[in-house]
Amino acid sequence: MILAAGCSWTDSNFISSDKTVKQESWPMWPEIMGKELNLKVKNVGLSGCDNKYIFDACIDEVWKHTKIDLCVVMWTGWDRFRYLNIQKYPMATYQTVNTKTYTDQLIGDGKKTEEEVNEFLSQYFLEKDLDEFTSFYNQSNDVLKRYSEDVIDTTFRYMHLLAITLENNNIPYIFVQAPPAFPLGWMCSNYSDEEVLKDIMRCVYMPYLKKNKNIIGFPFQRSFGGTTMFNVVNAAGPNYEVSELDRHPNGKGQNLMAEKLMRHYDLLYR
């Protein structure tokens, strides 16, 4: 059995929030890999989840003594978190308020109306969150440094502990990053890419993860020589995305991701 975990890039029940496009369903990358490897699939992907959910879901399956032939994890944005059972998206919410360049361009070019863009964005972000996160990311360098270190350490701890658990149970695995991981450096004027890189390099789990051949594209930051599935799908062109507003992979994008994962699987295990 393949155990697959991730967010909306993985969830077999994914539905686009772009109401201007025809709603379609297609096989997601876990199901495509399962067919290729002739293995059943347990897909615990959940749209909008955080990395704690992904870690917990995988650990739970291992300790249930589920027969797992391969575990493939497509990690989500590092800054997401659940609070009082409400999912929060700090960076995405901040970007909606402060860096609407892309959506504004779609409106300016006449490709989307302002109403269509606002309806799409409203599916993700709660109005009550906007002031909270806008003020937070405008704070001092020292505050953002503590935040950056905490997010990076927490995320790498999940990756390291899950990898060790899988190895100790002789379960083959592949890790990859789905959406952009932690773009703090390029979205916040009070903290630079170079400072984020230093925080990554100082993380106690960095040496182990850096040399781990089961991880694709580490440290997942394009400016640091890493890559994500977002980069892979985006480079293939708009025909691999749901729409101009919804940058999730469509059916062709899911096949593209499955092909990349299968190539890595072949290198490691065949």
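1. A word on labels comes before the rest: helices (H or I, at least four residues) and strands (E, at least two) are DSSP runs, numbered from the N terminus. The model is predicted. In these terms, the secondary structure of the chain consists of twelve helices and six strands. The chain has 270 residues, of which 52% are buried. Of the contacts between residues at least 6 apart in sequence, 76% join residues at least 24 apart.

2. With S1 the pairing is parallel and extends over five bridges; one of the pairs is isoleucine 2 with leucine 70 of S3. With S6 the strand also runs parallel, and five bridges join the two. Here tryptophan 75 has glutamine 177 as its bridge partner, while methionine 74 stands opposite valine 176.

3. Burial in S3 covers six of its six residues. Leu70, Val72 and Met74 point one way, Cys71, Val73 and Trp75 point the other way, and all of them are buried.

4. Why can strand S6 (residues 173–177) be called largely enclosed by the rest of the structure? Five of its five residues are buried, so the strand is largely enclosed. Both faces of S6 are covered, with Tyr173, Phe175 and Gln177 buried on one side and Ile174 and Val176 buried on the other.

5. Methionine 1 lies in the segment before S1. Its relative accessible area is 18%, and the cut-off for buried is under 20%, so methionine 1 counts as buried. Leaving aside residues up to four places away in sequence, methionine 1 touches Leu39, Lys40, Val41, Lys42, Thr66, Lys67, Ile68, Asp69 and Leu70.

6. Helix H1 (residues 29–37) has Trp29, Pro30, Ile32, Met33, Gly34 and Leu37 buried. Just after H1, asparagine 38 has a positive phi of about 60 degrees.

7. Asparagine 212 sits in the loop between helix H10 (206–210) and helix H11 (229–236). Apart from residues up to four places away in sequence, asparagine 212 touches Ala163, Glu167 and Tyr173. Of these, Tyr173 belongs to the buried set of S6.

8. The second largest pocket has a volume of about 310 Å³. It is lined by 19 residues, and those closest to its centre are Trp78, Asp79, Arg80, Phe81 and Val151. Helix H2 (51–63), strand S4 (81–83), helix H6 (127–137) and helix H7 (141–168) each supply at least two residues of the lining. Which element gives the largest share of this lining? H7 does, with six residues. By type, the lining of the second largest pocket divides into nine nonpolar, three polar and seven charged residues.

Technical notes. Residues numbered from 1 in each chain as written. Predicted model: local features only at pLDDT ≥ 70, side-chain atom pairs only at ≥ 80, totals over all residues. Heavy atoms only, no water. 1 Å grid on protein atoms, 1.4 Å probe; cavity = no way out; pocket = protein on both sides within 12 Å on 5 of 7 lines; lining within 4 Å. Points joined across faces, edges and corners; volume = space filled by probe spheres on them. Nonpolar A, V, L, I, M, F, W, Y, C, P; charged D, E, K, R; others polar. Buried < 20%, exposed > 50% of the residue type's maximum accessible area, 1.4 Å probe, protein only. Contact = heavy atoms within 4.5 Å. Pairing = 2+ DSSP bridges.
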